[in-house]
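Please open the structure in a viewer and keep the selection panel at hand.

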Amino acid sequence: DVSGAQGAALSEAIEQLPAEQREVFLRQAEAGMSLAEIAQATGVGFETAKGRLRYARHSLRQSLKEFA
């Protein structure tokens, strides 16, 4: 469960992601969509969706290092 300063930092980090990365990340994290479903819904290839998710996760890890 994420709360307090950690929750605020996570929300801020997600907001700072480029729109394409944020969309893919949120579709998987909140909607539980698979990469294939995300690719179809966003009109991009599977590998593009996969790359966007990978970069989003990397950016979030970097932004939230202090909470690790």
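What percentage of the 68 residues of the protein count as buried? The share is 25%, where buried means under 20% relative accessible area with a 1.4 Å probe, protein chains only. This is a predicted model, in which local features need pLDDT of at least 70 and side-chain atom pairs count only at pLDDT 80 or more, while totals for chains, interfaces and linings use all residues. Residues are numbered from 1 along each chain as its sequence is written, and side-chain values use heavy atoms, with hydrogens and water left out.

**Whole chain**

Begin with a cartoon view of the protein, which shows 4 helices and 0 strands in the order α-α-α-α. Helices here are DSSP runs of H or I with at least four residues, strands are runs of E with at least two, and both are numbered from the N terminus. The C-alpha trace spans about 35 × 20 × 20 Å along its principal axes. Of the contacts (heavy atoms within 4.5 Å) with a separation of 6 or more, 52% join residues 24 or more positions apart.

**The nonpolar core**

Next, select Phe25, Ile38, Ala49, Leu53 and Leu60, the residues with the most contacts inside the largest nonpolar core, which has 14 residues. Such a core is a set of buried Ala, Val, Leu, Ile, Met, Phe, Trp, Tyr and Cys residues joined through side-chain atoms within 4.5 Å. Two or more of its residues come from each of α1 (4–16), α2 (19–29), α3 (35–42) and α4 (46–63). Helix α4 gives the most, with 4 residues. In soluble globular proteins, nonpolar side chains tend to be buried together.

**Helix α4**

Centre on Leu53. Beyond its neighbours within four places in sequence, Leu53 is in contact with Val24, Phe25, Gln28 and Leu35.

Finally, select Gln21, which lies in helix α2. Is Gln21 buried or exposed? Gln21 has a relative accessible area of 14% and is therefore buried.

Definitions and conventions
Buried means under 20% relative accessible area, exposed over 50%, partly exposed in between (1.4 Å probe, protein chains only).
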